[in-house]
Amino acid sequence: MARIRLKLPAATDPIMLNAQLPPEHEIERPVLEVHQWCKNGDHPEDDTQEVCTPGGDTFLSEGKVVRYYRDPDVAGKSLCPKCNVKMHDHGWIDASEGGHIVCPGDWILKGVKGFFPFIDDQIIRVFYEFVEEEEHAPCAGS
Ligand SMILES: [Zn+2]
C-alpha cells in the first residue's frame, strides 16, 4: 500500500512555479490509498487462494478486484501497444459498462463501493507525490 496526493500546482505548472504563491493558496489535497498491480493476486482485496491441481501443481486463483485479462479476439502473446508487455500478463477491472485493461505497474485506487479506478504509472509520478511509498519488487518488464 502507498499513499499519494496531488502535487501542488507549483510543482508541475511553470507559471505557478514563478508566481510563488503564499501557503494559503494551497489547494486541498486529500491523501489517497493506492496499490501497484504487477500480477494476479497483487491487490489486497483480490482474495486469491492457492489451488492444487490433481497433478500436484499449485496456482493462484483469479483475483476478485483485478481479474485475468482474457479476450478471445486478442492473442495472449501479442504485446500491449501501451506498455509492450504480453497481453496475458495484464489484468482486467470490471466497470459498470464493460471494463478496463490494467497494465502491469498501474496503480489501483482504494475501492469506493466496489469501484476501483486505476492510474497509469507515468501519470501518477507526474501529478502525484508519494506521502508513503509502497515497498515491493519492481514489476517484471517495467
Ligand atoms: Zn499494457
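In this predicted model, strand 6, covering residues 91-94, pairs with strand 7, covering residues 99-102, in the antiparallel sense over four bridges. One of the pairs that links them joins D94 to G99, its bridge partner in strand 7. Strand 6 and strand 7 form a hairpin, and four residues lie between them. Within the turn, G98 has a positive phi of about 75°.

A second open sheet contains five strands in the order 9-8-2-1-10, with antiparallel pairing. Its edge strands are strand 9 (118-119) and strand 10 (128-132), each of which pairs on one side only. Further inside this order, strand 1 (residues 2-6) and strand 2 (residues 32-36) are joined by three bridges in the antiparallel sense. In this pair, R3 stands opposite E33 in strand 2.

The nonpolar core comes next. In soluble globular proteins, nonpolar side chains tend to be buried together. The largest nonpolar core of this model has 16 residues, of which V66, V102, I108 and F118 touch the most other members. Leaving aside residues up to four places away in sequence, V66 touches W37, H43, D46, G91, W92, I93, V102 and I108.

How values were computed
Residues are numbered from 1 along each chain as its sequence is written. This is a predicted model: local features need pLDDT of at least 70, side-chain atom pairs count only at pLDDT 80 or more; totals for chains, interfaces and linings use all residues. Two strands pair if DSSP finds at least two bridges between them. Helices (H or I, at least four residues) and strands (E, at least two) are DSSP runs, numbered from the N terminus. A nonpolar core is a set of buried Ala, Val, Leu, Ile, Met, Phe, Trp, Tyr and Cys residues joined through C-beta atoms within 7 Å. A residue is buried if 20 or more other C-beta atoms lie within 10 Å of its own, exposed if 12 or fewer, and partly exposed in between; C-beta atoms are placed from the backbone. Two residues are in contact if their C-beta atoms, placed from the backbone, lie within 7 Å.
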